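Here are my notes on the structure, as promised. Keep it open while you read and look up each residue as it comes.

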Amino acid sequence: MIIRKRLAAALCGALLVTVTGGLLPSAAFADSGDTADRAPAKEPPKVELVLDVSGSMRARDIDGQSRMSAAKQAFNEVLDAVPEDVRLGIRTLGADYPGKDRKEGCKDTKQLYPVGELDRTEAKTAVATLVPTGWTPIGPALLGAADDLEGGNATRRIVLITDGEDTCAPLDPCEVAREIAAKGVDITIDTLGLVPNARMRAQLMCIAEATGGSYTSVQHKEELSERVSQLVDRAAEPVVTPVATQGGERCADAPRLKAGLYADRETFGQHRWYRVELLPGQELRASVSIAADRPVNRDHGVLLRASTLAGREIVRGESAGDGRTDVVSTGLRYPRPDTDDSAADTDTDAADDTDAADDAGGAGGAGGNDVTETGEGDPAAETVCLRVSNSFSAPASVKTAPGLPLELTIDITGGPRDADDAAFLGLGHGWWLLGLLTLAGFAAGVLWGWISRWRVSVWRTN
């Protein structure tokens, strides 16, 4: 009986694989090919480990040993496992000045090992000499680490390991992290808190969230080494890094964007404009996410609006809500038909407006477009204006600068055969695949029912 059950299941599985198997490999190869075509050549990833060597690291509360000893052992394990293609450096804070002069103590940060090809023996020797000494200047250390990672197009990550809050206010490390993110230098800061309290946890979470990083609470040496190793490995296999851009105050001044992922900043209640060139038969797919990286009021909303140069709205996507939120996202799709007969009158008006817009904002529109310029000069291209708006607000005590982190995704694909195809339940060309899967399911059900009846009849006969 067990053999017959396995035989039936195998037959059903074979039927599904036969029906759908020819579809998946081609799609997979197509995706991998597209990714290879679009992936730019990048430098090896850069990581800087920032270690707190302040006096509090003498405390013996991590597996019966001092925090400093646990950190050194964890660093030795991490250095042994660093991938060959990662350029790693080490910076310390509070390692040299033992006095009580706050001004001097807040300058106590230096690069212990430069970011570059790793000499494991030399790096371990440098870490072994560290002795818990002074203050906790987290803000200055983050600024120094950002400078250490400057230059090139590599993926950059700062891993901060500390056991206490910053002692150098008013240079708030959370504000420092926001300033680093606002510069568009694409640095991610991950934080690890050794035996944290509530205030320390809140500060480290704020630092991490400002740059899209992560926060981890560490109570044991094994947790520290495992987490740092994970973060270093993550840098070696990075996700797509957003390209820093700056939206315009109007469409005429907006940067022209091609397909990709972009990062910007938008203050409370602001509008940001971007432009995309779309050829006949192409489809624009755009989405935007705005992160609330500071306390905001309960009611919020995000609007992504596509329009022509003449101001005629094409399509919009919006999202709103109330209560606590970290990220609000919305998106839209706009398929441009192969022929524009139905929109000829509108395009004529848009062409007139294009000349006026270029005259009025030519200087602003040219700024910053060297990298993201696409399709300019093609008479068949239609300019789509994308406007990102938000309705976030915050208490009076919350700073509005820098603006909220914004990520804009632009994708341009082959459009549908006709407008109805894209609009009908949003399935596009997927109807034939859905029908094929339905038939496969029906056939599998019939086959299973026939085998079940045959088993019952055999059982009754015997």
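1. Start with Cys251 and Cys385: both are buried, where buried means under 20% relative accessible area, exposed means over 50%, and partly exposed is in between (1.4 Å probe, protein chains only). The two are joined by a disulfide, S to S 2.0 Å; a disulfide here is a pair of cysteine sulfur atoms within 2.5 Å. The link of Cys251 and Cys385 is left-handed, with -80 degrees about the S-S bond. Cys251 sits in the loop between β7 (243-244) and β8 (256-257) while Cys385 belongs to strand β15, so this pair ties together parts that are 134 residues apart in sequence.

2. A word on what you're looking at. This is a predicted model, in which local features need pLDDT of at least 70 and side-chain atom pairs count only at pLDDT 80 or more, while totals for chains, interfaces and linings use all residues. Residues are numbered from 1 along each chain as its sequence is written, and side-chain values use heavy atoms, with hydrogens and water left out.

3. How many disulfides does a search of the whole structure find? There are three. If you number the bonded cysteines in sequence order, the pairing goes 1-2, 3-4, 5-6.

4. Now take Cys106 and Cys168, which a disulfide joins with S to S 2.0 Å. That pair links distant parts of the chain, 62 residues apart: Cys106 is in the loop between α4 (102-105) and β3 (109-116), and Cys168 is in the loop between β4 (156-162) and α7 (173-182). The link of Cys106 and Cys168 is left-handed, with -105 degrees about the S-S bond. Cys106 has 14% relative accessibility, so it counts as buried; Cys168 is buried too, at 6%.

5. Cys174 and Cys206 are also joined by a disulfide, with S to S 1.6 Å. Cys174 lies in helix α7 and Cys206 in helix α8 (residues 198-210), so the pair ties together parts 32 residues apart in sequence. The torsion about their S-S bond is about -40 degrees, so this disulfide is left-handed. Cys174 is buried with a relative accessible area of 5%, and Cys206 is buried with 18%.

6. Next, have a look at strand β12 (residues 300-307). Why is β12 largely enclosed by the rest of the structure? Because eight of its eight residues are buried. In a regular strand, side chains alternate between the two faces of the sheet. Both faces of β12 are covered: His300, Val302, Leu304 and Ala306 are buried on one side, and Gly301, Leu303, Arg305 and Ser307 on the other.

7. Who are the neighbours of β12? β12 pairs with strand β13 (residues 313-321) in the antiparallel sense over eight bridges, and six bridges join β12 to strand β15 (residues 382-390), also antiparallel. Strands pair if DSSP finds at least two bridges between them.

8. Last, zoom out. The chain has 12 helices and 16 strands, which are DSSP runs numbered from the N terminus (helices: H or I, at least four residues; strands: E, at least two). Buried residues make up 43% of its 462 residues.
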